[in-house]
Amino acid sequence: MSDSDVPSQVPVECPGCGEETPHEVLKPGGHATVQCTVCGHTHKVEVPEPTTVDVDVVVSQDGDSYTATLDGEPDQQVATGDEFIVETEEAIQQVRVTSIELSGDRRVEESDLDHAATVWTRVVDNVAVNITVHPKDGRRDETRSLKVYVPGDYEFVVGETVSFGDDELEVEGVQVRDEAADTYRHEKFDHEGDMVYAKDVKRVYARDTKTAAWSAW
């Protein structure tokens, strides 16, 4: 066990106090030297090595996926919607839990790490957002799709105009992702001023403010 793994204080039985008290770890090791914070008595005690488990994490980003590892104490809880940082040789990214798989391919909303076989996640620090764009003249039978890449904390606000490249769009509605639904009042927003963060967006509905109609040719 490395020095960094040893806690700065541990609760142990104190020979001086005759009861369990907080002790400061003076010298880590197999038998650590500790000092009682109540009476100051110094003695040696075995400090157990922290038990941790490693859980496979599948990280998805815009149709691609790779694997990483989440480590923690066996009783540490993980739930759908939780966010944490994963680190690989390629990148350090913030992800959100979308599903938890137990042994036997059973999916649950929440589990401790000791029973979780795989944690499924998606990247939320930079995300791809799908936008359904209606032409300026209102004809809904001539819509088109647009995909934009924005930071996860980018705000889509109903009624506001946004620009992506040559496109200038007025946001008319925003649909929220299933795993983020508990964070918002509704699953879809269409009132002026309603806001949804990009990492929580399932789809944006917008009106083209520049072009009345377009052709595939």
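Which side chain does the side chain of Gln-93 join through a polar contact of 2.3 Å? The partner is Tyr-66, where a polar contact is a pair of N or O atoms within 3.5 Å; within protein, one must be able to donate a hydrogen and the other to accept it, and residues adjacent in sequence count only if both atoms are side-chain atoms.

Welcome to this predicted model, in which local features need pLDDT of at least 70, side-chain atom pairs count only at pLDDT 80 or more, and totals for chains, interfaces and linings use all residues. Residues are numbered from 1 along each chain as its sequence is written, and side-chain values use heavy atoms, with hydrogens and water left out.

Let us stay with Gln-93 for a moment. Gln-93 belongs to strand 9 (residues 92–102); strands are DSSP runs of E with at least two residues, numbered from the N terminus. Setting aside neighbours within four places in sequence, Gln-93 has contacts that include Gln-61, Phe-84 and Val-123, contact meaning heavy atoms within 4.5 Å.

How open to the surroundings are some of the residues? Buried means under 20% relative accessible area, exposed over 50%, and partly exposed in between (1.4 Å probe, protein chains only).

| Residue | Relative accessible area | Class |
|---|---|---|
| Gln-93 | 11% | buried |
| Asp-194 | 13% | buried |
| Phe-164 | 16% | buried |
| Tyr-154 | 24% | partly exposed |

Next come the nonpolar cores, each a set of buried Ala, Val, Leu, Ile, Met, Phe, Trp, Tyr and Cys residues joined through side-chain atoms within 4.5 Å. The largest has 23 residues, and those touching the most other members include Val-129, Phe-156 and Val-174. Strands that each supply at least two residues of this core include strand 13 (126–134) and strand 17 (167–176). Another core, of 18 residues, lies apart from it and has Val-59 and Ile-100 among its residues.

The structure also holds four aromatic pairs. Rings of Phe, Tyr and Trp (its six-membered ring) pair if their centres lie within 6.5 Å; planes under 30 degrees apart count as stacked, over 60 as edge-to-face and the rest as tilted. For Tyr-154 and Phe-164, the ring centres are 6.1 Å apart and the planes stand at 50 degrees, so this pair is tilted. Together with Phe-156, these two residues are linked by ring pairs into a cluster.

Phe-156 is also one of the contacts of Asp-194, a residue placed in the loop between strand 18 (188–189) and strand 19 (195–197).

Terms used: Helices (H or I, at least four residues) and strands (E, at least two) are DSSP runs, numbered from the N terminus.
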